[in-house]
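Please keep the sequence and the coordinates open while reading.

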Amino acid sequence: MAEQPVDERATPVRVPPAPAFEYYYVVRRPRVVVKRDLLPSFSVLSVISLFGLPAGWLWARLAPPQNVVAQQDGSLIPVTGESYHRLDGLMLFVLIGLGAGLVTGIAVWLLRERRGPVVMLAATLGAAVAAYLAQLTGIGSAGSRYAVDAAPAVGDVIALAPVLETWWGLLAWPLGTALAYGCLAAWNGLDDLGRRLG
């Protein structure tokens, strides 16, 4: 075979030496921790549930009673405009629930080592139980506060205890909790939500 002629005018090409080591950085995606978060989640659920008792007591103190007039046949007729207090009591319960839900969601988010869906579900369930306890406590406390001692005479004006006639108000606390926690998780933007468990 004939050798190729070498062109002496060509400039030599420098080839950089190959690196001795190549580094590959693999980003591990954090997984949802369930087993490790079960006991703290139960604690979160229990503690949040207990806050329903003071919330119910607060509602019983703030909700307006309904003034009624005793009639000849034993019926109680609301004084003009007093029937609106039924809605006032419900709206006050919803506002207390939403405020408590926002505070609950933010407080649970601050438990940095336990951030994730397991604790969020526990907080939402705890808020639902707290709202139920708040309704029971509030109705009972308001009933004892506005209790009628003796049978009213005809024409007497009586203050009836505020009542919650629907269960829809129970949804405010868990919805506020889920909304606050979800917004903070979306705002965080980190894959591990900043847990940094090591």
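The lining of the largest cavity draws at least two residues from each of four helices: α2 (52-62), α3 (85-109), α4 (117-145) and α5 (172-188). Helices here are DSSP runs of H or I with at least four residues, strands are E runs of at least two, and both are numbered from the N terminus. α3 gives the largest share, 3 residues. The lining consists of Ala55, Trp59, Phe93, Ile96, Gly97, Ala131, Ala134, Gly169, Leu170, Ala172 and Trp173. By class, 9 of these are nonpolar, 2 polar and none charged; Ala, Val, Leu, Ile, Met, Phe, Trp, Tyr, Cys and Pro count as nonpolar, Asp, Glu, Lys and Arg as charged, and the others, Gly among them, as polar.

The model is a predicted one: local features need pLDDT of at least 70 and side-chain atom pairs count only at pLDDT 80 or more, while totals for chains, interfaces and linings use all residues. Residues are numbered from 1 along each chain as its sequence is written, and side-chain values use heavy atoms, with hydrogens and water left out.

The volume of the largest cavity is about 60 Å³, and the search of the whole structure finds 1 cavity of 30 Å³ or more. The search runs on a 1 Å grid over the protein atoms alone: a cavity is a set of points where a 1.4 Å probe fits but cannot get out, a pocket is an open set with protein on both sides within 12 Å along at least five of seven lines, and lining residues have an atom within 4 Å of a point. Points are joined across faces, edges and corners, and a volume is the space filled by probe spheres set on them.

How do two of the contributing helices, α4 and α5, pack? Their axes are 7 Å apart, at an angle of about 155°. Axes are lines fitted to C-alpha atoms, for helices over the stretch in contact, and angles between N-to-C directions run from 0 to 180 degrees. α4 and α5 are therefore roughly antiparallel, the class for angles over 145 degrees.

Leu50, in helix α1 (residues 35-50), has its C-alpha atom 9.2 Å from that of Ala134, 84 residues away along the chain. Leu50 counts as exposed because its relative accessibility is 55%; exposed means over 50% relative accessible area, buried under 20%, and partly exposed in between (1.4 Å probe, protein chains only). Leu175, in α5, is likewise exposed at 55%, and its C-alpha lies 9.6 Å from that of Gly105, at a sequence separation of 70 residues. Arg195 sits in the segment after α5 and, at 10% relative accessibility, counts as buried.

For the chain as a whole, buried residues make up 31% of the 198. The 5 helices and 3 strands follow the pattern α-α-β-β-α-α-β-α along the sequence.

Methods:
Angles under 35 degrees count as roughly parallel, over 145 as roughly antiparallel, 65 to 115 as roughly perpendicular and the rest as oblique.
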